Each structure stands twice: as structure tokens, then as C-alpha cells.
Amino acid sequence: MNEREIHVTVNGDTRSWSVAPGELLLDVLRREAYWGVKRGCETGECGACAVLLDGQPVNSCLMFAAQADGRRLLTIEGVAHGDRLDPLQEAFLDHGAVQCGYCTPAMVLCTRALLERRADPTEDEVREALSGVLCRCTGYRKPVEAVLAAAKTRSAAAKPKSARRKGAAR
Amino acid sequence: MFDQLRAFHRPTTIAQALRVFRTERRRGGRGAFVAGGTDVVVVGDRRLRYLVDVTNLPLRYIRRRGGGWAIGATSRMADLEHSAQLRRFADGALAEAAGTCGSPQIRNMATIGGNLANASPACDTAPPLLALDASVVVAGPAGRRTVPLDRFFRGVNRTALDGGLLIEILIPAPPIPRRGRAAWSFQKLGRLKSDIAVVNAATGVAVDQSGRCAWARIALGAVAPTPLRARRAEALLVGRVPDRAAIAEAAARVAAELKPVSDVRGTADYRREMSRVLVARALEECAGRLGRSS
């Protein structure tokens, strides 16, 4: 009853969905087959349902779908470039930072948001960015190493040689 | 999860929000205002029949006003935490407290208005706001009223809102004595930084040019049904140089003003003792900051 139409941009695609007044964003995303958005605790503790809302990580289990109207969402499905993984995803694989994988989409998204803001984060900043995603398999050490390595790759790729020299001179 | 909701409204003005809330209330059933959802959804009250979302209201701002501050109620914890101006104000006590309100994702969603309106005894932004003599502006059918924060909290999850909508937080310019100065501190005890507080505390100390305390503010959370000011302990400091002995005396006095409960996070005795420790730590930090700036 009282469904409303919302318009969202998910992973660059425009989508229009009919949502019920009490529907949560997590439920709608999974209904729409964005299964990389994981259902965990549903009380905002574990962070497995994290998505980027206008570039910032939020827990989709605590947000009403209606509140996403007009906003831009990024889920793990939108991180790779076609068949090519994002360097951050590659780094997670290279460092063995994935075990059962349930928390991995959220870890990638939360640290991606960090890298957009801070190209060269400290280990503390990486740990802080991961602090809202609970991993019950292996821990955080390998994900932290992966993110720090990805930051190096990204900034090396982003800067042409002249800019790197200029950076060094400062 | 909220299958029983008949309506989810998204007004864009305060007047509209109040009007739609009133109309829904007449239709019957329980309703609420919602912003970040980090309390409303977690509590998951199945009796709710309608929600009025306030995140489309123009209430997301942090502005200087008359030497003090006006903060819109839907400002996110992350907005406060990252505000360069707020981090410089009152030794960053409020920005620091906002930065401990849950995980990064929670801080991108949770609003300062929601944090206060939820009236958790452990609300992290309350102690610094109490120490800063803050008030809240409540909009209701009969108009707007300003309620000092120390009269806003009425009990666990109970406030003076009375069906109104919290729209703004006002912080007056701190009354710093002529040729004197002031310092603030925020302290929190939890298992991790972003956990719910076992005890939290904020203090403010102003000294005159002779170095004597002109006024002190000591506010605590999670040690009574509401966040509170420890006024008798504050009074002990006035007129004295805030040295180690004066601080120890004031911190010891705090325990007498509290009504802590025992729960999974700590016993009442533990909370009382940690209140003393945290207040001493906060006052020492204030004294240190006052000493350094002289």
C-alpha cells in the first residue's frame, strides 16, 4: 500500500523502483539483484550491507529506500570495470585479504571512499575506515595491507612523472 | 521490517513537516520523525504507522551566530567531526565527541538532532553541549521555543519535545573573563572509540588573569537516566587555581551527584569510580591547555 516511485542512480545506471513506505534500502537492493549488498546483523553493527551514497559509506539496513530517491549509489557490482577488477579489488586478492568473503564488498567500498578522499592514507586511517565492517574469519591485517598497497598503485598510476617530481620537490 | 507503516512522508519545509505530522496523528496510530534512521530503525517499533522524514528539510548547516554557533538538527555526526571551524572551537570537544558516535557509516547517517531527541543516557554529544550551555530550538504547532539542554532531557528516551520537532542547536559565545581564557575537554570510556559509552564526560574551565577559576562546567553521560551537569563539583573549583588538589577534590565530589545503573557494560560502582577518573582526566587536560596557552 502507498507505494512510491523512487529514482536512483545505481553504479552509473538510472533505475526507477516502486517501494513500500517501510521498505529498507538493503531489502530493495537485494530484491533488485544487487546481491553483493550483504544482509548481516540488520542493526547497523556489522557493516556488511554498506553501500556508497553520493560517495560516502552508509549502512543500507538502516536507511529507508524512500530516502535514496534522487541519490547516487555504488555497490560492489559497480566497482570493477567490465571484466577488469579495480586495483583495490586486485590488491585484496594479492594480499589474501578475502576468506569467506561476506564482509569483503563492504570493506572494498568503505576503503574506496577513503582512497577517494585521501590518496595516501596512514595505517590508522585505513583501520578507521574499516572499523565499521566486522570480519569474523581472519581479521583486518591483510585487508589493511591490501588497502595501503592499493593506495600506492593508485597514486603511482594517477600521477604522470612530472607531477611526481613536483610532489617530491615539495 | 516496517510492513505496518502506512506512510513515509518526505516534506521539504518545517511547516510542511509539522502539518503532515499533525494530519497523520489525527488519523490515529503511532508515528515519529526520522532522520538518519540509526535509532528509529534499530529500535524497530512495530507500532509505528507513519514516519515523517526530516532529511529533506533545510537543516543541515553549521553556522557562526552572534559569537556562538547555530547547528541545524539534521547535520550529520560526520559533518560536525570534519568541520574545520568546529574542530577549532572549544578545543574541538564537540567535534571530537561527534567523531565517536558509532562507526564511519553510522556517522554519515546519524544526525545531531536525532542523537539528542533519542535521549539516550549515553548520548555522546550531550556532555560537550551541556558544558557549552547549549539550547535546542523546538518547532511545534504553537510556534518555536528554545529549551536549555539541561532542561530538555526528562528521562531515558524522554525529552521536552512534546510532539515538536527539534530543528536547531544553539551554542552561545562562551563567557570568557576579560584577559582570562578557557579550555575544554571530552573524555569517553568504551571498549572501542566508537562503542556506546560506559561513561562519557566533558569539562570546561575558565580562568581570570590571576589564574583562578572563574567558572567550571562538568557534564557526564551514562551515569544517570539523563546526561547531566555536576553543579556542586563545578562550584568547588570556582575561585581556586585549578591545580592537582582542586581537581582531585572536584572529581571526587562528582560521584555524589550521579545515579548510575548496573548493566552489561559496567556496574554502578564501576561507573561511579570511572566518572571520577574521567572528570579528573578532563579537568587535567583543561588545566594543561590553560597552562600551555599562558
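**A hairpin and its neighbours**

In chain B, strands S4(B) and S5(B) form a hairpin with two residues between the strands, and B:Gly66 there takes a positive phi near 50°. The model is a predicted one. The points below follow S5(B) and its partners, and then turn to the contact between the chains.

**Strand pairing in chain B**

- Strand S4 of chain B covers residues 62–65 and runs antiparallel to S5(B), to which four bridges join it.
- Within this pairing, B:Ile62 stands opposite B:Ile71 of S5(B).
- S5(B) also pairs with strand S10 of chain B (residues 165–171), in the antiparallel sense and over four bridges.
- On that side, B:Gly72 has B:Glu168 in S10(B) as its bridge partner.

**The two faces of S5(B)**

- In a regular strand, side chains alternate between the two faces of the sheet.
- Strand S5 of chain B, residues 68–72, has a covered face made up of B:Trp69 and B:Ile71.
- The uncovered face of S5(B) holds B:Gly68, B:Ala70 and B:Gly72.

**The contact between chains A and B**

- Chain A gives 23 residues to the contact, and chain B gives 22 residues.
- On the side of chain A that touches chain B, the elements giving two or more residues are strand S4 (56–59) and helix H4 (123–130) of chain A.
- S4(A) supplies the largest share of that side, with four residues.
- By class, the side of chain A that touches chain B consists of 12 nonpolar, 10 polar and one charged residues.

Note on methods. Residues numbered from 1 in each chain as written. Chains lettered and ligands numbered in written order. Predicted model: local features only at pLDDT ≥ 70, side-chain atom pairs only at ≥ 80, totals over all residues. Buried ≥ 20, exposed ≤ 12 C-beta atoms within 10 Å, placed from the backbone. Pairing = 2+ DSSP bridges. Contact = placed C-beta atoms within 7 Å. Nonpolar A, V, L, I, M, F, W, Y, C, P; charged D, E, K, R; others polar.
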